[in-house]
Amino acid sequence: MKIPKEGEFVTIQSYKHDGHLHRTWRDTMVLKTSEYSLIGVNDHTLVTESDGRRWVTREPAVVYFHKKYWFNIIAMIREKGVSYYCNLASPFLLDDEALKYIDYDLDIKVFPDGEKRLLDVDEYEFHSKIMNYPENIDFILKENVKILVDWINNEKGPFSDAYIDIWYQRYQQLAKK
């Protein structure tokens with residue numbers, strides 16, 4: 001499998017624990033890849049839901065995926081500031097088709113004023129029962145919520161203003177080519 005280079009585009013596919021395709025983002029621009037992570041940007045990107053509904057993202061967003069952590073981060077760049085949507089999800093894998101991960105329902109939303117909300121707890125508990133999430137997955141996800149909250153509170157990685165500025169500026173440079 002070929003690792004995408006800066007300025008190339010990848011498809012992102014989100015799956016559920018039972019293996020069914022949940023959501024697809026087409027044409028995410030890759031800004032950086034490393035052994036463990038991928039940073040990209042979605043900007044007016046076509047999204048297709050599992051039921052066939054389609055929509056386009058409204059604003060540019062820096063996306064962060066990691067092969068060690070059980071979450072991914074979407075930093076949406078808006079007029080009132082950066083909002084974050086963090087998916088509790090399996091580490092990603094990249095194949096010839098797409099960047100892929102399993103979405104485990106729980107999300108953390110961070111507002112420009114720093115307010116944090118844990119979302120979709122009911123959905124997580126429902127899917128945990130009907131899809132039989134193993135106990136070790138439940139433990140891993142709860143531990144990764146703690147890591148994610150630590151990153152948010154300490155402005156680590158994607159939660160740093162400088163990080164978002166650097167990667168969004170790089171995207172703007174590449175988009176002009």
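Which residue follows α1 with a positive phi? Asn132 does, and its phi is near 55°. The model described here is predicted. A second residue of this kind comes later in the chain: just after α2, Glu155 has a positive phi of about 50°.

Start with α1, which covers residues 121–130. Its buried residues are Tyr124, His127 and Ser128. Viewed along the axis of α1, these residues fall within an arc of 105°, so they line one face of the helix. The face turned away from that buried side carries the exposed residues Asp122, Phe126, Lys129 and Ile130. What covers the buried residues of α1? The cover includes β10 and α2.

Next comes α2, residues 135–153. Its 19 residues should span 27 Å at 1.5 Å a residue, and its end C-alpha atoms are 27 Å apart, which agrees. The buried residues of α2 are Ile137, Leu141, Asn144, Val145, Leu148, Trp151 and Ile152. They cover an arc of only 125° around the axis, which puts them on the same side of α2. Glu135, Phe139 and Lys146 are exposed on the face turned away from the buried side. The buried residues of α2 pack against β6, β7, β8, β10, β11 and α1.

Then there is α3, residues 161–176. This helix has 16 residues. From its first C-alpha to its last it reaches 23 Å, close to the 22 Å expected at 1.5 Å a residue. Tyr163, Ile164, Trp167, Tyr171 and Leu174 are the buried residues of α3. Seen down the axis, they fall within an arc of 100°, so they line one face of the helix. On the other side of α3, Asp161, Ile166 and Lys176 are exposed. The buried residues of α3 pack against β2, β3, β6, β7 and β8. At the start of α3, a side-chain oxygen of Ser160 comes to within 3.2 Å of the backbone nitrogen of Ala162.

| α1 | 105° |

**Paired strands**

Now turn to the strands. Strand β7 (residues 71–78) and strand β8 (residues 81–89) run antiparallel, joined by eight bridges. β7 and β8 form a hairpin with two residues between them. Arg78 stands opposite Gly81 in β8. On which strand does β8 find five bridges? That strand is β10 (residues 99–110), and β8 and β10 run antiparallel.

**The nonpolar cores**

The largest nonpolar core has 34 residues. Leu31, Val62, Ile73, Tyr84, Leu148 and Phe159 have the most contacts inside this core. Which elements give two or more residues to the core? They are β2, β3, β6, β7, β8, β10, α2 and α3. The largest share, six residues, comes from α2.

Val62 shows what such packing looks like. Not counting residues up to four places away in sequence, Val62 touches Ile39, Gly40, Val41, Ile73, Ile74, Ala75, Ile77, Tyr163, Ile164, Trp167 and Tyr168. Two of these names, Tyr163 and Ile164, are also buried residues of α3. Another core, of 16 residues, lies apart from the largest one. Among its residues are Ile12, Val30, Ala61 and Phe65.

**A threonine in a loop**

Finally, look at Thr57. Where is Thr57 found? It is in the loop between β5 (54–56) and β6 (61–66). Is Thr57 buried or exposed? It is buried, because its relative accessible area is 10%, and buried means under 20%.

The side chain of Thr57 makes two polar contacts with backbone nitrogens. A polar atom of this side chain lies 3.1 Å from the backbone nitrogen of His44. The Thr57 side chain also reaches the backbone nitrogen of Thr45, at 2.8 Å. Leaving aside neighbours within four places in sequence, Thr57 is in contact with Asp43, His44, Thr45 and Val47.

Notes
Residues are numbered from 1 along each chain as its sequence is written. This is a predicted model: local features need pLDDT of at least 70, side-chain atom pairs count only at pLDDT 80 or more; totals for chains, interfaces and linings use all residues. Side-chain values use heavy atoms; hydrogens and water are left out. Helices (H or I, at least four residues) and strands (E, at least two) are DSSP runs, numbered from the N terminus. Buried means under 20% relative accessible area, exposed over 50%, partly exposed in between (1.4 Å probe, protein chains only). A polar contact is a pair of N or O atoms within 3.5 Å; within protein, one must be able to donate a hydrogen and the other to accept it, and residues adjacent in sequence count only if both atoms are side-chain atoms. Contact means heavy atoms within 4.5 Å. Two strands pair if DSSP finds at least two bridges between them. The expected span of a helix is 1.5 Å times one less than its number of residues. The arc is that of the directions from the helix axis to the C-beta atoms. A nonpolar core is a set of buried Ala, Val, Leu, Ile, Met, Phe, Trp, Tyr and Cys residues joined through side-chain atoms within 4.5 Å.
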